[in-house]
Amino acid sequence: MARAVNASAYSPEVLAQKYGSRPAKVVLRTLEILTGLGTFALKLLLDDRRGVLEKMKRERAAELRGIFTRLGPTFVKIGQGLSTRPDICPPEFLEELAELQDALPTFPDAEAFACIERELGLPLDSIYSVISPSPIAAASLGQVYKAQLKYSGQIVAVKVQRPGIEEAIGLDFYLIRGLGFLINKYVDFISSDVVALIDEFARRVYQELNYVQEGQNARRFKKLYADKADVLVPDIFWDYTSVKVLTMDWVDGVKLSEQEAIEKQGLKLLDLVNTGIQCSLRQLLEYGYFHADPHPGNLLATPDGKLAFLDFGMMSETPEDARSAIIGHVVHLVNRDYEAMAQDYYALNFLSPDVDVSPIVPALRSFFDDALNATVSELNFKTLVDGLGNVLYQYPFNVPAYYALILRSLTVLEGLALYADPNFKVLAASYPYFAKRLLTDPNPYLRDALIELLFKDGRFRWNRLENLLVQGRKDRDFTAKEALQPVLKLLLGPGGEELRALVGKEAVCVTEAVVFGTMIDTYNSIPEPVKSIISNGTTQPFRMDDGDRERMLELRDRVFRIWGLLRSSQNFDPSLLLPILRVLQEPEARNLSGQVVGGISQRLAARLLQQVLRI
């Protein structure tokens, strides 16, 4: 921490003061950027005019990679983001831009070794018994060496910051921020505060320049998420870490973008991507602390099948209220409750409380009614984001910076999966997590969301519960105990009167379905001669409409399947039901039991009387 005292922090005012008095430097950098990108755009236009656009793709992709590399770290980060988006870039561009992950130009090794000695205050040979003579990889902000610690013999990765990096990034953000002011002032169709988004991104890039902060981020990330057996986070060696030098465990692995190399190790890319998605959902929606830069260079598949996270410079946090609101938003999307979706934007801080959401509802309905011809889980995440983005642009939305980073994180993971499976849907892979949270989380907001999902017009939707259990069981952390206890607490709590009435009504229907369904099955299983004696010559002793009988049997079978799902879930133990017996001794439960027993008695008596009168 003492070494981090003088670390720089992003300050727009300091940058304005620094570069406002250096117009020559600003003009030269502006011309450099415009010349590089403008020349490239002109070449694409000429290729299109000549009809050789397809033929020249590979060459132009290599040129763009070279332009981003020459323009420096800011544009390298832009290229890294594009390299994971097969829905935006053609394959030739993806392959070339992917080299920006770790195939960047290096700076002289002598400068790197001098930086290590200066930062740590020790001669190089007193720290490492061996260090690679040249970098193993070069990233946008630094380069990495492989070394062996002298005191312990452990193999470590040593990241050293590029010289002059702060100056280069500072000038670029000064220029980009100026462009943001122009966009805010003159571009009407962008309603978000572009300058605020730029400031948020710049603040995080500056945090990446402080390797002590990155080490603290890694430690916090490991504490929260490395409890899962399939997630690996390297340890930090604090004695050999400073603002510009970071020393951590060496991790052997293959980048997630190298599908062939992964499969040669007997691993499946989609399994690793699913691990990344489940871990990302925990980051975004459980603890709120997430890795905001998960490009392929930062995600490795280890030989034993673990997913290793690297580079913890760019992190972000989801506000607690927003985490529940996001899950609730998914429930409202499934229910096509567009009024509730519009209300969610207050909780997500997309809208100020004085904005009227009623004009937004028809726009949401127009987009999602078309998109939801398929189920929600079949939606492509990019399609969902783009369609929702079109709605956001039409109204006074202000997208928070954390939300933009969430979208970036999930679109990067979906982009990686599309390498292996063009039909991959990140929402389908996410649904088991959402189902588990809805079934097990005691958060009052999520309890209300579960009720919204399961009840409609006073009737219980058993198909929704069955689907939630089927999906929730796909999450390895799901248990029947966690699913039962919050529901019982909600049902028998002080504010559960309305819910108890609904459940009591449904319990009567279920009991009727089980009793009569069992009687029908029993009758169908006995020999024909005995049937004729019982039925006294009639074809059926239980006379009811075919539709009524089918609905009753379907309900009975679905309830049995749900019970089977609970019984076969992880760590199920019949003793889990003991709390129910204790709860049933409470006054509210006794009242509910009385209502249910009375309702069942009346319903069965009515059914039997109906049968007698029909006979």
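Buried means under 20% relative accessible area, exposed means over 50%, and partly exposed is anything in between, with a 1.4 Å probe and protein chains only. I start there because Lys222 is partly exposed, with a relative accessible area of 29%.

This is a predicted model, in which local features need pLDDT of at least 70, side-chain atom pairs count only at pLDDT 80 or more, and totals for chains, interfaces and linings use all residues. Residues are numbered from 1 along each chain as its sequence is written, and side-chain values use heavy atoms, with hydrogens and water left out.

Now the salt bridges. The cut-off is a side-chain nitrogen of Lys or Arg within 4 Å of a carboxyl oxygen of Asp or Glu. By that rule the structure holds 21 salt bridges. As background, side chains of opposite charge can pair when their charged atoms come close.

Lys222 is in one of these bridges: its side chain meets that of Asp235, at 3.7 Å from N to O. The pair links distant parts of the chain, with Lys222 in helix H10 (residues 211-225) and Asp235 in the loop between strand S5 (231-232) and strand S6 (245-249), 13 residues apart. Helices (H or I, at least four residues) and strands (E, at least two) are DSSP runs, numbered from the N terminus. Asp235 counts as partly exposed, at 38% relative accessibility.

There is also a network: Lys43, Asp47, Glu59, Arg60 and Glu63 are joined by salt bridges that share partners.

Next, Arg58 and Glu96. Their side chains form a salt bridge at 3.9 Å, N to O. This pair, too, links distant parts of the chain: Arg58 sits in helix H3 (residues 57-71) and Glu96 in helix H5 (residues 91-98), 38 residues apart. Arg58 counts as partly exposed at 38% relative accessibility, whereas Glu96 counts as buried at 10%.

Glu32 and Arg29 form a salt bridge of 3.0 Å, N to O. Both belong to helix H2 (residues 23-50), 3 residues apart, about one turn of the helix.

What does Leu171 touch, leaving aside neighbours within four places in sequence? Leu171 is in contact (heavy atoms within 4.5 Å) with Tyr19, Lys25, Val26 and Arg29. Leu171 is found in helix H8 (residues 165-186) and is buried, with a relative accessible area of 6%. Its C-alpha is separated by 10.0 Å from that of Thr74, 97 residues apart along the chain.

Helix H2 also holds Leu46, which is partly exposed at a relative accessible area of 37%. Leu42, Leu45 and Leu46 make a nonpolar surface patch of about 250 Å². Patches take residues with over 30% relative accessible area and no salt bridge, joining like charges within 9 Å and nonpolar side chains (Val, Leu, Ile, Met, Phe, Trp, Tyr) within 5 Å. The areas come from the Shrake-Rupley method with a 1.4 Å probe, and for residues only the protein chains shown count as cover.

On to the interior. In soluble globular proteins, nonpolar side chains tend to be buried together. A nonpolar core here is a set of buried Ala, Val, Leu, Ile, Met, Phe, Trp, Tyr and Cys residues joined through side-chain atoms within 4.5 Å. The largest such core has 128 residues, and Phe221, Leu256 and Leu468 touch the most other members. Helix H17 (residues 401-420) gives the most to this core, with 10 residues. Apart from it lies another core, of 19 residues, among them Ala112, Ile127, Val156 and Phe237. Ser324 is another buried position, with a relative accessible area of 8%. Ser324 has its place in helix H13 (residues 320-334) and touches Asn443, Tyr445 and Leu446, again not counting residues up to four places away in sequence. Ser324 and Ala449 are 125 residues apart in sequence and 9.4 Å apart in space, C-alpha to C-alpha.

Finally, cysteines. How many disulfides does a search of the whole structure find? The search finds 0, where a disulfide is a pair of cysteine sulfur atoms within 2.5 Å. Cys115 is buried, with a relative accessible area of 5%, and Cys279 counts as buried at 4% relative accessibility.
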